[in-house]
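Hello,

Here is the structure I promised to pass on to you. Please have a look at it first, and my notes follow below.

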Amino acid sequence: MSSTQILRMMARPPILYSKYRLMGFISARHFHISTKLRTDGVFKELTEMRVRTPWIEALKKKQEEGIDPTKKSDIAATPSERDLTPKRMADSYHRVVIPLAQDPWLLDNYLNADGHIRLGTIFMDLDALSGVIAYKHTGDSVTTVTAAVDRITINHPLKEICDLELSGQVTFATGRSSMEISIQVAKAPKQGGAPVHKEDVLMTCEFTMVSLDPNTKKPVAISPVKIETEEEKRLFALGEKNYNTKKDRAKTGLRKQTPNDEESDLIHAMWLRQLEYHGMSITHQTLVPSSPPHPNPSK
């Protein structure tokens with residue numbers, strides 16, 4: 001039976017429609033219930049390692065014990081005597097493959113209305129990945145928070161739907177409370193475990209993470225990284241340069257002084273590009289509502 005015939009039957013009175021369905025020409029269509037999504041914007045595999053108890057349950061348990069984890073405490077939770085032996089960069093390495101090309105339900109969470117991958121969702125995954133990497137470096141006696149994301153470089157725009165490999169490791173840590181984590185997003189090799197080719201690297205970025213005492217919320221020391229190869233030496237030098245640059249910029253931040261002429265021009269240029277991105281024209285956009293016309297005294 002053609003689709004046109006079915007549509008004509010559906011347009012007839014309900015009695016005839018019921019008769020045709022009972023005769024077997026039209027099968028009953030049941031409501032479809034989608035399977036449970038495996039992600040809420042962060043790929044589930046990234047949080048399985050470190051999330052042992054749902055956050056709301058852990059909060060209720062603390063409150064029942066008379067502890068408010070949202071407030072600072074004078075009693076430190078992190079042991080004063082901890083093993084801060086230098087660790088290899090490879091010890092914190094973590095890799096995960098997001099099967100976007102294999103799971104259409106998972107893909108739905110990553111697509112925008114135009115069918116393109118939402119970078120915002122990818123960055124949620126990268127933030128979760130950086131937490132896993134930091135956990136492997138520090139252990140579970142500290143709380144690690146994201147302080148900054150730097151040097152985001154899109155090497156090759158993603159032009160096709162494919163499985164994505166997210167990987168990274170701690171590349172800079174001197175024994176203080178902060179560490180830098182280098183992460184890359186690449187097309188996942190078809191053979192699991194195979195090295196990623198340079199042309200398949202889609203994006204790289206660096207996360208700065210800071211370790212805090214869970215109770216006092218004060219910074220605590222963590223293990224420094226141990227450099228073993230020339231490549232690790234290069235990565236450590238980049239992290240050290242970025243760390244020193246941040247310290248210098250903090251002295252001239254907007255909280256301490258107003259933007260200079262060059263910075264003001266840059267802000268204005270960014271604002272103009274933002275208007276172009278949204279398809280707006282300055283000549284056609286009313287920035288300030290016009291004043292109502294003055295009444296004509298002659299009338």
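Five strands form an open sheet in the order 2-4-5-6-3, with antiparallel pairing. Strand 2 and strand 3 (143-154) are its edges, as each pairs on one side only. On average, neighbouring strands here are turned by 25 degrees against each other, direction ignored; axes are lines fitted to C-alpha atoms, and angles run from 0 to 180 degrees between N-to-C directions. Strands (E, at least two residues) and helices (H or I, at least four) are DSSP runs numbered from the N terminus, and two strands pair if DSSP finds at least two bridges between them. Strand 5 and strand 6 share 9 bridges in the antiparallel sense, and Glu180 stands opposite Thr208 in strand 6.

A word on the source: this is a predicted model, where local features need pLDDT of at least 70 and side-chain atom pairs count only at pLDDT 80 or more, while totals for chains, interfaces and linings use all residues. Residues are numbered from 1 along each chain as its sequence is written, and side-chain values use heavy atoms, leaving out hydrogens and water.

Then there is Asp91, in the loop between strand 1 (87-88) and strand 2 (94-98). Asp91 and Val225 are 134 residues apart in sequence and 9.6 Å apart in space, C-alpha to C-alpha.

Best wishes
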